[in-house]
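Here is a short briefing on one protein chain. Please keep the sequence and the 3D view open while reading.

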Amino acid sequence: MPEATERAAYGIPCFRVRDKIFAAYRQEWHGLACLVSPEDKLALPQEDPETFSVPEHYRNSSMVVVDLARIDPDHLTEVLTEAWRLRAPKRLRERFDAG
């Protein structure tokens with residue numbers, strides 16, 4: 001993702017765009033917490049509860065945890081791209097879409 005960086009927060013590797021977190025690796029869950037839309041936060045765990053979950057830690061946030069052992073690589077790319085898009089500024093998204 002353009003301008004994506006990795007920097008830890010509270011000892012957790014976090015992925016950011018313009019210093020805004022869009023994903024975080026959660027080793028204890030063997031997963032990646034990803035920013036999602038409010039609709040996806042409800043839908044993804046209902047549609048595939050073995051792959052997507054909302055642990056107590058993320059109940060009041062816009063994140064779902066993705067089980068990296070279960071998700072198809074193409075679907076993971078889609079989820080991460082959407083997470084990045086939710087955080088990226090408009091002009092950066094437009095450049096990404098044009099490229």
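A residue counts as buried when its relative accessible area is under 20%, and as exposed when that area is over 50%. The model is predicted.

**Helix α1 and its cover**

- α1 lies across β5 and β6. The helix runs at about 30° to β6.

**The sheet**

- Six strands form an open sheet, in the order β1-β2-β3-β4-β6-β5. The pairing is antiparallel.
- The edges of the sheet are β1 (4–9) and β5, each of which pairs on one side only.
- Strands of a sheet pair through backbone hydrogen bonds, either parallel or antiparallel.
- β1 and β2 are joined by six bridges in the antiparallel sense.
- C14 stands opposite A24 in β3, and R16 has I21 in β3 as its bridge partner.

**Two hairpins**

- β1 and β2 form a hairpin with two residues between the strands. Y10 takes a positive phi there, near 55°.
- β2 and β3 form a hairpin that also has two residues between the strands. In that turn, R18 has a positive phi of about 50°.

**V17, at the end of β2**

- V17 belongs to strand β2 (residues 12–17). Its relative accessible area is 0%, so V17 is buried.
- What does V17 contact, leaving aside neighbours within four places in sequence? The partners are P2, E3, F22, W84, R87, A88 and L92.
- One of these partners, A88, is 71 residues from V17 in sequence. In space, the two C-alpha atoms are 5.9 Å apart.

**The nonpolar core**

- The largest nonpolar core has 23 residues. Which of them touch the most other members? They are C34, F52 and V66.
- β3, β4 (31–35), β6 and α2 are the elements that give two or more residues to this core.
- V66 is in contact with H30, G31, L32, C34, T51, F52, I71, L76 and V79, leaving aside neighbours within four places in sequence. C34 and F52, named above as core members, are therefore also contacts of V66, since contact means heavy atoms within 4.5 Å.

**Aromatic pairs**

- A pair of aromatic rings is described by the distance of the centres and the angle of the planes.
- The count comes to two aromatic pairs.
- W29 and Y58 form an edge-to-face pair. Their centres are 5.7 Å apart, with 65° between the planes.
- W29 lies in the loop between β3 and β4, and Y58 in the loop between β5 and β6, so this pair ties together parts that are 29 residues apart in sequence.
- W29 is partly exposed, at 29% relative accessible area. Y58 is buried, at 8%.
- W84 and F96 have ring centres 4.9 Å apart and planes at 55°, so the pair is tilted.
- This pair links distant parts of the chain, with W84 in helix α2 and F96 in helix α3 (residues 90–98), 12 residues apart.
- F96 is partly exposed, at 29%.

**T81 in helix α2**

- T81 sits in helix α2 (residues 73–87).
- Why does T81 count as buried? Its relative accessibility is 17%, and the cut-off is under 20%.
- T81 touches M1 and F96, not counting residues up to four places away in sequence. F96 is also the ring partner of W84.

Conventions. Residues are numbered from 1 along each chain as its sequence is written. This is a predicted model: local features need pLDDT of at least 70, side-chain atom pairs count only at pLDDT 80 or more; totals for chains, interfaces and linings use all residues. Side-chain values use heavy atoms; hydrogens and water are left out. Helices (H or I, at least four residues) and strands (E, at least two) are DSSP runs, numbered from the N terminus. Buried means under 20% relative accessible area, exposed over 50%, partly exposed in between (1.4 Å probe, protein chains only). Two strands pair if DSSP finds at least two bridges between them. Axes are lines fitted to C-alpha atoms, for helices over the stretch in contact, and angles run from 0 to 180 degrees between N-to-C directions. A nonpolar core is a set of buried Ala, Val, Leu, Ile, Met, Phe, Trp, Tyr and Cys residues joined through side-chain atoms within 4.5 Å. Rings of Phe, Tyr and Trp (its six-membered ring) pair if their centres lie within 6.5 Å; planes under 30 degrees apart count as stacked, over 60 as edge-to-face and the rest as tilted.
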